[in-house]
Structures are given as C-alpha cells and as structure tokens.
Amino acid sequence: MGRPLTLVGGAQQAVRVHDLVKAPANTPEARRRQASWDATRPATVYTTPEMMPDGTPCTAATVILRTKGCHWWWSSGCTFCGYFNDTRDDVTSDDLHAQWAWATRKLEGFAGASMVKVYTSGSLFEDREIPVEFQQHVLEDCAKRGLHLIVESRTEQLTPEKLAWAASIHSDLTVAIGLEAYDDEVLRFHVNKGFSVRSYDKAVAALKDANIRVKAYLMFKPPFMSEADALDHIVTWIAAIAKDADEISINPMNIQGGTVIDRLHRARQYRPPWLWSLVEMIRRSHVVVHPDGGVNGDADQVSRLIVHPTAGGRIRGAHNCGSCDADVVAAIERYAVSGDLLEFEGLSCPCEAEWSCELDLERRLPVPLGLSAPRRGPPMDRLRAP
Ligand code: SF4
Ligand SMILES: [Zn+2]
C-alpha cells in the first residue's frame with residue numbers, strides 16, 4: 001500500500017508538499033488517462049479574435065501541443081498546475097511534427113490568422129521538453145507564413161544565447177512568462193514556482209535586449225491567501241511589472257483536478273476569487289496601465305491589462321452569487337479588449353455588499369486562509385452539505 005496522503009496524523013512521518021503535488025499524476029487512473037492520448041494529435045486547436053501588438057484586431061490561432069509536460073513538474077510543480085493531466089511521457093519529435101502538420105491542415109494553413117499561440121503545457125524553448133529541431137521548425141514555419149508567434153516559457157530558458165538564436169529565425173515573437181506573483185515569498189510558499197523575482201527580471205532584460213515582446217501572467221489569489229490579501233498584493237505586482245511587460249494577463253485561480261489547490265478547495269479551505277475583486281483590481285490598476293485615463297490603443301498605454309476568468313461564474317472558477325456572474329464576467333471580458341472602465345458602469349448586485357464586508361473583515365482579522373465562505377448559497381445549505 002502507498003503512503004497515505006496525510007499532512008498530520010498518527011506516528012507517521014509527515015508527507016512533504018512535494019509528494020502531495022506529485023502523487024496525483026502517478027495514480028493508476030492518471031496513468032491510464034495519459035496513455036489514452038493520441039501522441040500524434042495536438043491537445044486542442046482553435047481560433048479566437050485577438051489584437052496584434054500594434055492594437056489592430058486580428059484572428060489568432062491557438063495550437064496546444066501534446067507534450068511530455070513541464071520539467072519543473074517532473075521534479076516538483078506549481079501548486080495550482082493541472083497541465084500534467086494533458087501530457088504523455090513518451091511524445092517523440094516525430095509525434096510533435098505530426099501534431100504540427102495536423103494543426104496546419106486543420107487550420108487550412110493558418111488562413112486568415114495573423115497570430116499563432118503555440119502552447120506546450122511547459123516551455124517551448126526548454127530543450128529537455130521539446131527537441132531543438134522542433135522548436136526551430138515552429139519558428140521557421142511562422143516566419144515563412146508571416147505570423148506573429150506567442151509561446152510560453154519559464155524564466156530559466158530565456159538566456160541571451162537562446163533568445164538571440166530564436167530571434168535570428170523569427171523576431172516577430174512574444175514570450176509569455178507564468179510569473180504568477182512579483183513577490184519571492186509568494187512564489188516560494190504559495191505557488192512553489194521554483195524561480196525568483198530576480199530570475200524574472202533577468203529574463204525580461206534578456207527579452208528586451210533581443211527585441212522580443214514580453215507578456216506576464218499573474219495569478220489572482222494563490223493558495224494560502226485571503227481574498228483581501230490577494231487583491232492588495234496583485235495591485236502592487238501589476239504596478240511593479242507594468243513598465244517592462246507589454247501585456248499583463250491576470251489568471252484568476254480556477255481549480256484544476258489533482259492539484260494542491262484542488263485538495264484545499266475540496267477541504268473547504270479555499271474559495272476561488274470573487275468576480276467583484278477582479279473588477280476592483282481593474283479599477284485600482286487602470287491608472288497604472290493608462291496614467292492619463294485613456295483606453296486601449298491610446299498614447300498613454302503603458303501595458304495592456306488582460307483578464308480572462310477561466311470557468312468564470314462556476315464554483316471552481318472566479319464567481320459571485322450565481323445571479324450576477326454572467327454580467328460581471330462579460331464586463332471583465334469587454335474591458336480586456338477595450339481597456340475602458342465604463343464597461344463596469346451600472347453593474348451592481350446585492351452580493352457586492354457581502355463581498356465588501358468579507359474584505360473588510362479580512363483586513364481587520366487577517367487569518368491566513370481568509371474568512372470567505374468556501375461555497376456560495378444559503379448558509380444553512382452550506383452547513384448541511386457533506
Ligand atoms: S512552471 Fe508552468 S507548466 Fe510548469 S508546473 Fe508551473 S505552472 Fe505548470
Ligand atoms: Zn451577485
């Protein structure tokens with residue numbers, strides 16, 4: 001029998017967070033699921049409306065490749081990352097080429113698209129995850145087709161040498177970094193990110209030197225943090241990175257299966273963020289990205305602030321009371337495009353008072369896990385729920 005996944009209890013040795021993170025990827029069910037993926041097909045391919053770096057509207061193709069996953073996950077892993085669910089250990093270079101060819105056929109040679117996002121459940125420029133000749137193939141193909149390319153990467157791969165090599169093949173490039181938090185304590189103890197603020201700063205400097213665009217993801221409400229703390233922190237992180245990041249994309253926590261945050265959520269020790277907090281974050285940060293009160297595309301734009309509440313309105317995503325969620329999510333999505341605070345004009349719901357009261361209480365009584373009720377709905381129903 002395997003070691004029980006208890007943090008405390010009996011005379012047994014406490015289980016390390018590392019084991020908690022890794023264990024779900026190794027259960028027979030997870031192994032079966034991983035083996036069920038077809039290694040010659042990408043995980044997903046789709047197109048969406050987007051904006052080019054100069055602000056013109058365009059169509060973007062997204063290709064999510066089926067890969068071996070993230071090397072940081074192999075040895076540890078971030079507390080919220082469920083990408084391991086979509087990976088296969090034995091994906092070869094031939095498989096990746098077959099996936100790329102399949103995606104190209106499916107998207108009719110990227111007809112009508114000006115931008116392509118190539119995501120790998122890890123870092124495209126990490127040689128242990130993705131063979132170098134496949135990295136080169138993607139860069140060359142996008143250069144040949146004149147597509148603006150967006151890839152994701154951790155910081156340690158973004159060395160001046162690697163970036164000079166990439167830019168020499170295709171310079172119309174944005175690198176998106178999952179920074180999550182501009183705070184070493186949060187990176188270490190809340191996110192288990194495995195890199196520091198310093199390494200992010202170094203990576204950004206190298207990207208700037210190579211003339212490559214920078215996109216940074218920040219996580220709204222990492223684990224072990226109250227709603228009020230999450231809000232106050234993220235506003236300072238946005239201000240800290242806005243000058244150097246061309247785009248800041250906020251990911252409000254959504255609960256992915258088999259992760260540490262999933263265990264906390266199931267144990268009712270974590271509530272995904274309120275949508276009202278996201279609205280408040282945007283209101284407080286707008287002056288940072290638009291110091292003169294402009295909208296997206298105006299001359300005062302320091303950075304573009306994008307917020308996409310994945311699973312917005314659902315229990316495992318950012319949510320409010322259930323009745324106003326769709327309207328608030330729609331307003332947030334509209335702001336991501338327009339950059340106009342008027343999108344929030346007239347939005348209101350009785351649950352806003354409950355949210356505001358929770359924040360007020362959390363600032364007065366700062367307990368680490370916060371005071372938010374872990375589930376929405378009438379209090380008596382919540383008490384009766386198993
Ligand atoms: S670095 Fe990215 S892909 Fe890797 S474990 Fe963390 S969130 Fe997941
Ligand atoms: Zn409401």
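Biologist: In which strand is Glu180 found?
Modeller: This is a predicted model, in which local features need pLDDT of at least 70, side-chain atom pairs count only at pLDDT 80 or more, and totals for chains, interfaces and linings use all residues. Residues are numbered from 1 along each chain as its sequence is written, while chains are lettered from A and ligands numbered from 1 in the order in which they are written. Helices (H or I, at least four residues) and strands (E, at least two) are DSSP runs, numbered from the N terminus. By this assignment, Glu180 is found in strand β5.

Biologist: Does Glu180 count as buried or exposed?
Modeller: A residue is buried if 20 or more other C-beta atoms, placed from the backbone, lie within 10 Å of its own, exposed if 12 or fewer, and partly exposed in between. Since Glu180 has 26 C-beta neighbours inside 10 Å, its class is buried.

Biologist: What value is phi of Glu180 near?
Modeller: Most residues other than glycine have a negative phi. Glu180, though not a glycine, has a positive phi, near 70°.

Biologist: Which residue in β6 stands opposite Glu180?
Modeller: Two strands pair if DSSP finds at least two bridges between them. In β6, 6 of the 8 residues are buried, and the residue opposite Glu180 is Leu218.

Biologist: Asn211 also has a positive phi; does Asn211 count as buried or exposed?
Modeller: Phi of Asn211 is about 65°, and Asn211 lies in the loop between α8 (197–209) and β6. Because Asn211 has 11 C-beta neighbours inside 10 Å, its class is exposed.

Biologist: In what order do the 8 strands form the open sheet?
Modeller: Several pairs can be followed along the sheet: β3 (residues 115–119) and β4 (residues 148–153) are parallel over 4 bridges, with Val118 opposite Val151. Further along, β6 and β7 run parallel and are joined by 6 bridges, with Tyr217 opposite Ser249. The pairing of the sheet is mixed, and the strand order is β1-β2-β3-β4-β5-β6-β7-β8.

Biologist: Which are the edge strands?
Modeller: An edge strand here pairs on one side only. β8 has a parallel partner in β7 (residues 247–252), over 4 bridges, and Ile248 stands opposite Leu305. The edge strands are β1 (44–51) and β8.

Biologist: Which residues of β8 are buried?
Modeller: β8 (residues 304–307) is covered on both faces. On one side the buried residues are Arg304 and Ile306; on the other they are Leu305 and Val307.

Biologist: How many nonpolar residues has the shell around ligand 1?
Modeller: A residue counts as near a molecule if its C-beta atom, placed from the backbone, lies within 6 Å of it. The residues around ligand 1 include Cys70, Trp72, Trp73, Cys78, Cys81 and Arg154. Ala, Val, Leu, Ile, Met, Phe, Trp, Tyr, Cys and Pro count as nonpolar, Asp, Glu, Lys and Arg as charged, and the others, Gly among them, as polar. The shell has 1 charged and 4 polar residues, and the number of nonpolar ones is 6.

Biologist: What radius of gyration does the protein have?
Modeller: The radius is taken over C-alpha atoms, and the globule rule is 2.2 Å times the number of residues to the power 0.38. The C-alpha atoms fill a box of roughly 60 × 60 × 40 Å along the principal axes. For 386 residues a compact globule would be near 21 Å, which agrees with the protein's radius of gyration, 21 Å.
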